[in-house]
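Dear colleague,

Please find below the structure that I am handing over to you.

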Amino acid sequence: MVRNNQKQPSDGLGFLSHPQRMNVLISRAERLLILVGSWDFFRAQVAHVSRNPDRFSGLLHLAVMTRPLGELVRRG
């Protein structure tokens, strides 16, 4: 899982913008899942996405992950 580029928000995510592919990526770990990446890039790519579940967004699955992942990042 590698993405880090200068593209506009949501355009730089590639396959990460597909909920089904993210499900496979995350759910296949049997014992341990380690995510390595640029937190600033990820956060910038989904910053514009509404977290309101009543407003459909194809990137909602990524936007809702930013809060729990951000807490882990801050804990270090």
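The following paragraphs describe what was found.

This is a predicted model, in which local features need pLDDT of at least 70 and side-chain atom pairs count only at pLDDT 80 or more, while totals for chains, interfaces and linings use all residues. Residues are numbered from 1 along each chain as its sequence is written, and side-chain values use heavy atoms, with hydrogens and water left out.

Let us begin with helix α2, which covers residues 39-46; helices are DSSP runs (H or I) of at least four residues, numbered from the N terminus. Both Trp39 and Phe42 belong to helix α2, three residues apart, or about one turn of the helix. The model holds one aromatic pair (ring centres within 6.5 Å, with the six-membered ring used for Trp; planes under 30 degrees apart are stacked, over 60 edge-to-face, and the rest tilted). Trp39 and Phe42 form this tilted pair, with 5.7 Å between centres and 35° between planes.

Trp39 is buried at a relative accessible area of 18%, and Phe42 is buried at 12% (buried means under 20%, exposed over 50%, partly exposed in between, with a 1.4 Å probe and protein chains only).

Gln45 also lies in helix α2 and is buried, with 2% relative accessibility. Beyond its neighbours within four places in sequence, Gln45 contacts residues including Lys7, Pro9 and Leu13 (contact means heavy atoms within 4.5 Å).

Ile26, by contrast, is located in helix α1, residues 19-27, and is partly exposed at 32%.

Yours sincerely

Conventions. Helices (H or I, at least four residues) and strands (E, at least two) are DSSP runs, numbered from the N terminus.
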